Structure formats: structure tokens, C-alpha cells
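Here are my notes on the model, as numbered points. Please read them with the structure open.

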Amino acid sequence: MEQLIEELKKQIIEVLNLEGMKPEDIDENAPLFGEGLGLDSIDALELIVMMEKNYGIKLANASEGREIFKSVRIMAEYIQAHRTK
Amino acid sequence: MMKTYHIASYSKITPTEFCVNGDKMLLRNPESQDLWLHDIYRALNMNYPKFFKMDKLCKSGILAAEPIMQNFMVKPDEIKTNWAIIGMNSVSSLDDDTEYQATIQNENNYFPSPSVFVYTLPNIVIGELAIKYKIQGETSFYIEQLFNTPSFITNVIKTFEVNPQIEYALCGWIDYYEENCDVMMMVITTHPDKSIIELNETNINQIYY
């Protein structure tokens, strides 16, 4: 799980162009949206594409992201339970 | 009384130089590992994390606008309703269109990028400028075959004439395609006391060419 969390942090920085941010700057328990990293709705869509591309997880409903993207840790737990690649 | 139009400040970004009011602010370092636009961002000491999420057209517009808007940002939170933003270019958003196309080209690797898609319109740069500088006046974006001085001046003056409340315009030619940056921006005003040079064909030609 910890390895997946680290991997996710690196991917989030790359995919969302979080310039100047390092994986250790991201608190895996902090909210990704609103406060925390302050991501927006386009970032959420980009994370959905990233989950499908890298882990074979296709969200049937974009609103599911609200729960999954609560934090990096919750996201990692969801990926571990549902990944197909 | 007939209005007169004046250039209050101007900037230019080419693939090798970044100039403000005719002064060379930064020369491209051929050994730099980063994007030329990112080198300019750092040279300007900007702190605008959203910049890194933008496409290159928007990055170009923001960087060219930043130094020439400084004198007009004394009250940074003030909404500017007497300002217009006028953009022009020749390549539209082709740089982003091409990048987006690549994400949907292969049906076995079909992952359309939302963050690229949102920039597949050239006038998005106008929106980014409006957000950054809190401008809520007139906005327009023109696509032309090539930069044309008379047309540039006509497009700008037309905006002032359409809305008599407009006293300032952040305007420019903002072109970016395949790492080729061709950007000229200026603040044009009806206030002679803000003028560094007059708005006329000779001066625009001198700045652009």
C-alpha cells in the first residue's frame, strides 16, 4: 500500500502539472480538492483518465470520484481493490 | 472631443528574447533544460501556480502581460470594468489541437485528456488574462492569416468605439506553435498622461518587426 501511495503521488504531480511540488509535500491523508492540494474539476477528470490508463479502472459515474479522491490514501485503497492492470 | 490612443507599455516574446518597452529583459539560454516560457516565468519571479497548468498559448499571453500590467495593479483586487482585452493570432489553438488529437488518435490507447481539451480554443488565453488581471470589460479574439499592422490597430480602436466606457486595452498578437513563440502585447489607453508612445502604424511596426 505504501508503495502504491508513493507511486500515486508521483503520478498526480506529473499528470496535474503541480510544478515545484515533491511527493513528500503531499499528505496522503489530506483532502485533494478544495483545501489540501486545491485541485479543480478538470483535475478530477484528469485523475479519472489516469486511473483508467494506468490501472484499468473505469468509473461508471464521474460523481464516484467524490468519494475516491478524498485523499491519496483512499484513492490508493480503491485502486488496490479494483485494479485490472 | 476626439479620442487619441496611446501605448502605455509593451512587451515581446520571440523564440530567443523577452523584451519589455524595448529593453531586453531575458535572452534564451540554449543550455537550459526547461521550457523557454518557464525560464521567463522564473525570471519574472512570479508566484502563480496555475500558470503551470496552462497551455503554451496562455503561458505566453500571461508572461507577456505580467510586466506591462504591473503599473495598473496598484489595487490588485480591484475589478477593472473600464478595460478591454483583445487578442489576435494566426495559428488559433493548433498547438493544443494537435496535442489533443494525439490523445485520441489510437483506438487502443484512447485516453482523451480533459486538461488539454479545455485549451482547444484560442480565446481561452483571453479568459486567463481576464482572471489574472481582474478585467471584466470587453473581450475579443481575432484570427488572421498573418500579423497585419493596420488590422491590429483597427481591431483595437473598434473596441474602444463600441464601448465608450473602455479607457484601457490589454491587447496583442499571441501566437504559439511547435515551440515557436511570436508574442507582442501592449496596454493601449485613451489617457495621454500614461503614454510612452503614440499608437500608430510606424510605432507598431517598430515594436513588432
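How many bridges join β1(B) to strand β7 (residues 180-189) of chain B, and in which sense do the two run? Point 2 takes this up.

1. Ground rules. This is a predicted model, where local features need pLDDT of at least 70, side-chain atom pairs count only at pLDDT 80 or more, and totals for chains, interfaces and linings use all residues. Residues are numbered from 1 along each chain as its sequence is written, chains are lettered from A and ligands numbered from 1 in the order in which they are written, and side-chain values use heavy atoms, with hydrogens and water left out.

2. Strand β1 and β7 of chain B. Seven bridges join β1(B) to β7(B), and the two run antiparallel. Pairing here requires that DSSP finds at least two bridges between the strands. Helices (H or I, at least four residues) and strands (E, at least two) are DSSP runs, numbered from the N terminus. Tyr10(B) has Met186(B) as its bridge partner in β7(B).

3. Other partners of β1(B). Strand β8 (residues 197-198) of chain B is joined to β1(B) by two bridges, again antiparallel. There, His6(B) is partnered by Glu198(B). Strand β2 (residues 17-20) of chain B also pairs with β1(B) in the antiparallel sense, over three bridges. Ile13(B) has Phe18(B) as its bridge partner in β2(B).

4. Burial of β1(B). Eight of the eight residues in β1(B) (residues 6-13) are buried, so the strand is largely enclosed by the rest of the structure. Buried means under 20% relative accessible area, exposed over 50%, and partly exposed in between (1.4 Å probe, protein chains only).

5. The next hairpin. β3(B) pairs with β2(B) in the antiparallel sense over four bridges. Val20(B) stands opposite Asp23(B). Two residues lie between β2(B) and β3(B) in their hairpin, and Asn21(B) in the turn has a positive phi of about 50°. That residue deserves a look.

6. Helices α1 and α4 of chain A. α1(A) (residues 2-15) and α4(A) (residues 72-82) pack at about 115°, with axes 9 Å apart. Axes are lines fitted to C-alpha atoms, for helices over the stretch in contact, and angles run from 0 to 180 degrees between N-to-C directions. The angle makes α1(A) roughly perpendicular to α4(A). Angles under 35 degrees count as roughly parallel, over 145 as roughly antiparallel, 65 to 115 as roughly perpendicular and the rest as oblique. Residues that meet include Leu4(A) and Leu8(A) in α1(A) and Met75(A) and Ile79(A) in α4(A). By class, the contact has eight nonpolar, one polar and three charged residues. Ala, Val, Leu, Ile, Met, Phe, Trp, Tyr, Cys and Pro count as nonpolar, Asp, Glu, Lys and Arg as charged, and the others, Gly among them, as polar.

7. Helices α1 and α2 of chain A. α1(A) packs on α2(A) (residues 41-55) at about 125°, with axes 11 Å apart. That makes α1(A) oblique to α2(A). Among the residues in this contact are Ile12(A) and Val15(A) in α1(A), and Leu47(A) and Met50(A) in α2(A). The contact divides into seven nonpolar, two polar and two charged residues.

8. Thr149(B). Thr149(B) sits in helix α6 (residues 149-162) of chain B. At 5% relative accessibility, Thr149(B) counts as buried. Leaving aside neighbours within four places in sequence, Thr149(B) is in contact (heavy atoms within 4.5 Å) with Glu201(B), Ile204(B), Asn205(B) and Tyr209(B).
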